[in-house]
Amino acid sequence: MDSLRSKENLNQFESIFGKTNQPPRLFQAPARINIIGEHVDYLGGTVLPAAIDFFVQVLLRPNESQNYRLHSVSYNETVELKKPLSPNSKSPWVDYIAGVIFEIEKKGHVVPGFDLIVDGNIPQGSGLSSSAAFEVVTGYAIKETFGFSLSREEIALIGQKAENNFVGTKCGIMDQFIIAVGKKDDCISLNTETLKYTYHHFDLGNYEFYLINSNVKHSLKDSAYNKRRSECESALVKIKAKYPNFTQLYDVKLSDSEIDQCHLTKEETKRTKHVTSERERTKVVIENLESGNFKEVGSALFQTHWSLSKEFEVSCPEIDFIVDSLQSLGVTGARMIGGGFGGCVLVLDTKDHFSKIEEVLKKSYQQKFNVAIDFYKFQISDGVKEVLI
């Protein structure tokens, strides 16, 4: 977000909450992409996310009271929170802040009253994780302002717990984690079971990542997400009955004939195939990103997409059309990202190819679905931080 917008928000902060000798401090948290490792973060799998330069920003200042005065620029709404904190059905955006306060206090800290204004430029409904950015920036701003001893990793877990326990969304840890620990020009490989992670630096050279927003969202997403999780869990139960050493579906290494002996349903077999093949693709992507072999990376991205579409069955006609078109147009790699049934496609391609792709795809997509698509260029960025104003 540009400095002009930040200064406008500072002016708005002072007009809403007044001016004091202590100016508010500005904090920002990025959006995220996941390069590979899709629908495995709740199965003990390895994911490869990176922070990107769309942001949620908060201005925060202690207010010498026990209450929390909050303003959302997007909703043009001011709300005052008092303890005991409880979910707010009228202004659900407030729950992300309340949930973070609640989880920090569960760790033994007392969060004094403060004034806060929130703004952001992460495209809504794009699957780039604006809610996780909001949780992490709120937790980090509270920690820095009041001097609490909390690591970045703890801030990520506080954000996830706020969303699980207070907001009511049973998300994994990946989004909050990369938003908390991200580094410019690096992604991380995160083991979602142990939370061990390593940074992977890469120079894209003549290549770039960008996003295409399909601008469609199908209502199947939440119900299908829960169904896929239960299918993966039931598949693991059946596999463990015969091979008890496996603790996660992601770790299953069996031949097709051995899988057949576990008596999985057709759906369970397909889900298992996606999860275990994604493990192998993730290894390929990490190795080839670091060595600069982007054609191999791109090939793995396409393979992941069609596995998500055919084996895990979380794509949709619009997203499949985009990826199929990109493949026909000769891009290096592309795949759906996020929960599925709409949202964004992640693209890897040479920089000089973009102008040819953009016009052709805009026209063909509009003709087929009567919906416009949006293209987002981005850079790999740092995680949550304070910004001087």
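The largest nonpolar core of this predicted model has 119 residues, and those with the most contacts inside it are Ile33, Ile35, Phe114, Leu211, Ile212 and Leu326. A nonpolar core is here a set of buried Ala, Val, Leu, Ile, Met, Phe, Trp, Tyr and Cys residues joined through side-chain atoms within 4.5 Å, where buried stands for under 20% relative accessible area, exposed for over 50% and partly exposed for what lies in between, with a 1.4 Å probe and protein chains only. Helix α3 (residues 130–146) gives the most to this core, with 8 residues. Apart from this core lies another, of 6 residues, among them Leu10, Phe13, Phe17 and Ile117. In soluble globular proteins, nonpolar side chains tend to be buried together.

Because the model is predicted, local features need pLDDT of at least 70 and side-chain atom pairs count only at pLDDT 80 or more, while totals for chains, interfaces and linings use all residues. Residues are numbered from 1 along each chain as its sequence is written, and side-chain values use heavy atoms, with hydrogens and water left out.

Turning to the sheets, 6 strands form an open sheet in the order β5-β4-β6-β3-β1-β13, with mixed pairing; helices (H or I, at least four residues) and strands (E, at least two) are DSSP runs numbered from the N terminus, and two strands pair if DSSP finds at least two bridges between them. The edge strands, each pairing on one side only, are β5 (77–81) and β13 (385–387). Neighbouring strands of this sheet are turned by 30° against each other on average, direction ignored; axes are lines fitted to C-alpha atoms, for helices over the stretch in contact, and angles run from 0 to 180 degrees between N-to-C directions.

Within this sheet, 13 of the 14 residues of strand β3 (residues 49–62) are buried, so β3 is largely enclosed by the rest of the structure. Strand β1 (residues 25–34) runs antiparallel to β3 and is joined to it by 10 bridges, with Arg32 opposite Ala51 in β3. Strand β6 (residues 114–120) is likewise antiparallel to β3, through 7 bridges, and Leu59 has Ile117 in β6 as its bridge partner. β1 and β13 pair in the antiparallel sense over 3 bridges, and Phe27 stands opposite Glu386 in β13. Helix α1 (residues 3–17) packs on the sheet, touching β1, β3, β4 (68–72), β5 and β6, and its direction makes about 145° with that of β6, whereas helix α2 (residues 94–106) lies across β4, β5 and β6 at about 145° to β4.

A further open sheet is formed by 3 strands in the order β2-β7-β8, with antiparallel pairing. Its edge strands are β2 (46–47) and β8 (197–201), and 2 bridges join β2 to strand β7 (residues 186–191), Thr46 having Asn191 in β7 as its bridge partner. Helix α5 (residues 174–181) lies across β2, β7 and β8, running at about 140° to β7.

Finally, the axes of helix α9 (residues 294–310) and helix α10 (residues 317–328) come within 11 Å and cross at roughly 150°. The two helices are therefore roughly antiparallel to each other, a term for angles over 145 degrees, with those under 35 counted as roughly parallel, 65 to 115 as roughly perpendicular and the rest as oblique. The contact is made by Phe302, His305, Trp306, Ser309 and Lys310 of α9 and by Ile319, Asp320, Val323, Asp324 and Gln327 of α10.

Notes
Contact = heavy atoms within 4.5 Å.
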